[in-house]
Amino acid sequence: MMQLHISPSMRHVTVFPGKGFRDFIKVKVTSRRLSYRMVFYSLLFLTFLLRFVFVLTAMDTIEEETNCSSLGCVGKRLGPRIFGRKLESTKVPDEIYRFLEEGDLEASEVGSDAPLSLEEFITEMKGKKSDAKTFALRLKAMVSTLEQKTRTAKIQEYLYRHVASSSIPKQLHCLTLHLAHEHSTNSAARLPLPPPDQIPSLIDNSLNHFVIASDNVLATSVVASSLVQNSLHPHTVVLHIITDRKTYAPMQAWFSLHKLDPAVVEVRGLHHFDWFTKGRVPVMEAMEKDREARSMFRGGSSAIVANVSEKPVVVAAKLQALSPKYNSIMNHIRIHLPELFPSLKKIVFLDDDIVVQADLSPLWDIDLQGKVNGAVETCRGEDRFVMSKRLKSYLNFSHPLISEAFDPNECAWAYGMNVFDLEAWRKTNISLTYHSWVLKNLKSDLSLWQLGTLPPGLIAFHGYVHVIDSYWHMLGLGYQENTTVMDADKAAVIHFNGRAKPWLDFAFPQLRPLWTKYVDFSDKFIRACNIRS
């Protein structure tokens, strides 16, 4: 058997045959030298290694260091420990947090002396080589100053919007005056609405009856035009317009001169309703007391704005509570619809800041299942800002009268487009409940709720609401601009609830055309008052 013998120096190799012959083969190995082939393979290996390191580094960069899912990240954490070095921390030192939490700022540090931008702050810190405490205090001074400036700007914005939304725009006032003059000088503007031959339609329950209560002629004209234009059966539409005494003549003049045939249009002032003019009207008495209380609410707008301790959104809510629209009879009168229309069984009530975009006749086919109010819920939907309203959003659950009677997480619903079963309503005490809770709020110094007719409505109609599909009523176009035109086009009724009404200059420009397309800007009254698109 053949044997192989290698010397300890690795210089000789001897092969022994299996049958006893020695020195059969003797090989002398030369001293080890570096060959070109070895150099080539070494370089090839190093190239591969460098590429591998590059790939790992790239992966570590793309991934977040905290994920540590790649070999590069693991190596980056384990490598320094293997060589006895500590891993450099990327966390903010605890002492910075301590100085931010405990460091007291002097009045002089918050103001003109504080940096007003991140660039100024970085330049200051680099120039002075500041320590951690100085860094934290100067950062806190900068943020505090910017917070104060932002708060002041926000409150000013809310105050200006409050003033603008609470006053009557010059163009709308002009339109009212022109129409009042037309009513007094033009017999065609004083035609009875509806004509005598259409009066039976006003109590015909086989027709679709809509009600609008408003003292805004232009807004009412848009609701009426959009309703009739989008109706598949306009000859079945009966529109009842309720207004106050001062707006009756202009409203009658407009609809006398701008026919909406074949629909039937009725214009009536509150002074034309026998029920309203006879005896005591509970809601009117409550409104008088409510108006007096709100005129002194929180000391008025000046005192509300001067309160530096409250957040801008709280200031905005308190300013909104002072809005004259919440004292308007047009806003409260809907609670007495059964008395105003004693012969009707079912109606759809529309606010004057909505636009109808589809045929609404299918609303009469909805079975309210014995309930009184068909309304859209406002606690479910894709828009979390608009569709996130529950009872706690409107009522003060820190007050025992509210907390003992209602569930704060119960879903709220919306006014603006409501289907009312007047027959079912007449069997309840909804109107009296509304009136009694308004009085309770007055006695509680407006502490049960602060604004609007919706909070007492939520209470009065509690247990009497049937939820209808959200397609019928889209809200929020007057207080947030996140709604897209594409989304709004999908709704049957869009509602400009909020301060940014479409007839005001600060309406959201991308949403305003949804309203203005129902305004005839070539009309002589519109042009005379410089009302533009």
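Figure 1. The model shown here and in the views below is predicted. β7 and strand β10 (residues 417–421) pair in the antiparallel sense, over five bridges. β7 also pairs with strand β4 (residues 208–213), here in the parallel sense and over three bridges. In that pairing, Val 211 has Phe 349 of β7 as its bridge partner.

**Figure 2. Strand β7 is covered on both faces.** In a regular strand, side chains alternate between the two faces of the sheet. One side of β7 carries Lys 346, Val 348 and Leu 350. Five of the five residues of β7 are buried, so the strand is largely enclosed by the rest of the structure.

**Figure 3. A salt bridge joins Asp 353 and Lys 501.** The closest N and O atoms of the two residues are 2.5 Å apart. The pair links distant parts of the chain, 148 residues apart. Asp 353 sits in the loop between β7 (346–350) and β8 (354–356). Lys 501 sits in the loop between β12 (493–495) and α20 (513–516). Both Asp 353 and Lys 501 are buried.

**Figure 4. Other salt bridges of the model include Arg 268 with Glu 266 and Glu 377 with Arg 380.** The count for the model comes to six salt bridges. Between Arg 268 and Glu 266 the N to O distance is 3.5 Å. Glu 266 is buried, because its relative accessible area of 7% is under the 20% cut-off. Arg 268 has a relative accessible area of 24% and is partly exposed. In the bridge between Glu 377 and Arg 380, the closest N and O atoms are 2.4 Å apart. Glu 377 is partly exposed, at 22% relative accessibility. Arg 380 has 52% relative accessibility, so this residue counts as exposed. Asp 215, Asp 244 and Lys 246 are linked in a network of salt bridges.

**Figure 5. His 183 lies in helix α6 (residues 170–185).** The relative accessible area of His 183 is 15%, so the residue counts as buried. Leaving out residues up to four places away in sequence, His 183 touches Ala 189, Arg 190, Ala 249, Gln 252 and Ala 253. Leu 172, Cys 174, Leu 175, Leu 179 and Glu 182 of α6 are buried as well as His 183. The buried residues of the helix pack against α7 (217–229), α8 (245–257) and α21 (524–528). At 1.5 Å a residue, the 16 residues of α6 should span 22 Å. The end C-alpha atoms of α6 are 23 Å apart, which agrees.

**Figure 6. The largest nonpolar core has 68 residues.** Those with the most contacts inside this core are Phe 210, Phe 255, Leu 350, Leu 360 and Ile 494. Helix α7 gives the most to the core, with eight residues. Leu 360 is in contact with Phe 210, Leu 227, Trp 472, Ala 492 and Val 493, leaving aside neighbours within four places in sequence. A second, separate core of 42 residues includes Leu 270, Met 330, Trp 437 and Leu 454.

How values were computed. Residues are numbered from 1 along each chain as its sequence is written. This is a predicted model: local features need pLDDT of at least 70, side-chain atom pairs count only at pLDDT 80 or more; totals for chains, interfaces and linings use all residues. Side-chain values use heavy atoms; hydrogens and water are left out. A salt bridge is a side-chain nitrogen of Lys or Arg within 4 Å of a carboxyl oxygen of Asp or Glu. Buried means under 20% relative accessible area, exposed over 50%, partly exposed in between (1.4 Å probe, protein chains only). Helices (H or I, at least four residues) and strands (E, at least two) are DSSP runs, numbered from the N terminus. Two strands pair if DSSP finds at least two bridges between them. Contact means heavy atoms within 4.5 Å. The expected span of a helix is 1.5 Å times one less than its number of residues. A nonpolar core is a set of buried Ala, Val, Leu, Ile, Met, Phe, Trp, Tyr and Cys residues joined through side-chain atoms within 4.5 Å.
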